[in-house]
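Subject: Structure handover

Hello,

Here is the structure we spoke about. Please open it alongside this note; what I found follows below.

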Amino acid sequence: MKKSGGFTVIEIILVIIVLAGASFLFLYQKNHVESAARDNRRKADINTLYHNLEKVYYSQHKSYPRELTSQALPAVQPDTFNDPDGIPVNESKTDDMGLTTTQSTYRYEPTGCKGDTCTGYTLRADLEAESDYIKKSDKKKN
């Protein structure tokens, strides 16, 4: 009997199973790396806002703003006020049909406000792979 070249059905099935498993692991790791990158950006943005509030804004005004905007912190890059989905601090976004509302993962919560000035605040970012990242105003100033 003459042996012909080629693969058996079992060999082909095994190769497909191995490739499917490798694809699954690749996609899982890719998603994990991307979510970690978004979380790192969120932390960096919150740290930038925190340091500008403490070192720049408070030094000049001896208080904190009621709303966190690019007018209050002009030294901060405008995209720092937007989460990785492009939604500004404390705002939400609806889809074209007006059905789905997505809340920003960045929140600025002022405390002790009288008029447009406040004595403290909490900055918060909702992270995907970790618990919320929170920065509060320096308590020595309150």
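**Overview**

Of the protein's 142 residues, 27% count as buried. Here, buried means under 20% relative accessible area, exposed means over 50%, and partly exposed is in between (1.4 Å probe, protein chains only). Bear in mind that this is a predicted model: local features need pLDDT of at least 70, side-chain atom pairs count only at pLDDT 80 or more, and totals for chains, interfaces and linings use all residues. Residues are numbered from 1 along each chain as its sequence is written, and side-chain values use heavy atoms, with hydrogens and water left out.

The secondary structure comes to one helix and seven strands. Helices (H or I, at least four residues) and strands (E, at least two) are DSSP runs, numbered from the N terminus. From the N terminus on, the order is α-β-β-β-β-β-β-β. The radius of gyration is 25 Å, well over the 14 Å that the globule rule gives for 142 residues, so the protein is more spread out than a compact globule. That radius is taken over C-alpha atoms, and the rule is 2.2 Å times the number of residues to the power 0.38. Along its principal axes, the C-alpha trace spans about 95 × 40 × 25 Å.

The accessible surface comes to about 9,800 Å². Carbon and sulfur atoms hold 57% of that surface. Areas come from the Shrake-Rupley method with a 1.4 Å probe; for residues, only the protein chains shown count as cover.

Now contacts, meaning heavy atoms within 4.5 Å. Among those between residues at least 6 apart in sequence, 46% join residues at least 24 apart.

**Core**

The largest nonpolar core has 21 residues. Such a core is a set of buried Ala, Val, Leu, Ile, Met, Phe, Trp, Tyr and Cys residues joined through side-chain atoms within 4.5 Å. Leu53, Leu68, Leu73, Tyr108 and Leu123 touch the most other members. Two or more residues each come from α1 (9-61), β4 (106-111) and β6 (120-125). Helix α1 gives the most, with six residues.

Look at Leu73 in particular. Leaving aside neighbours within four places in sequence, Leu73 is in contact with Leu49, Asn52, Leu53, Tyr57, Leu68 and Phe81.

**Aromatic pairs**

A search of the whole structure finds three aromatic pairs. Rings of Phe, Tyr and Trp (its six-membered ring) pair if their centres lie within 6.5 Å; planes under 30 degrees apart count as stacked, over 60 as edge-to-face and the rest as tilted. One of the pairs is Tyr64 with Tyr121, edge-to-face, at 4.8 Å centre to centre and 75 degrees between the planes. Tyr64 lies in strand β1 (residues 64-65) and Tyr121 in strand β6, so this pair ties together parts that are 57 residues apart in sequence. Both Tyr64 and Tyr121 are buried. Ring pairs also link Tyr58, Tyr64, Tyr108 and Tyr121 into a cluster.

**Salt bridges**

The count is nine salt bridges. The rule is a side-chain nitrogen of Lys or Arg within 4 Å of a carboxyl oxygen of Asp or Glu.

Which parts of the chain does the bridge between Arg38 and Glu128 link? The side chains of Arg38 and Glu128 meet at 2.6 Å, N to O. Arg38 is in helix α1 and Glu128 in the loop between β6 and β7 (133-136), 90 residues apart. Arg38 is partly exposed at 30% relative accessible area, and Glu128 is partly exposed at 41%. Arg38, Asp39, Arg42 and Glu128 are linked in a network of salt bridges.

Lys43 forms a salt bridge with Glu130, the closest N and O atoms being 3.1 Å apart. This pair also links distant parts of the chain: Lys43 is in helix α1, and Glu130 is in the loop between β6 and β7, 87 residues apart. Glu130 is partly exposed, at 43%.

Lys62 lies in the loop between α1 and β1 and is exposed, at 59% relative accessible area. Asn90 lies in the loop between β1 and β2 (92-94) and is partly exposed, at 37%.

Best wishes
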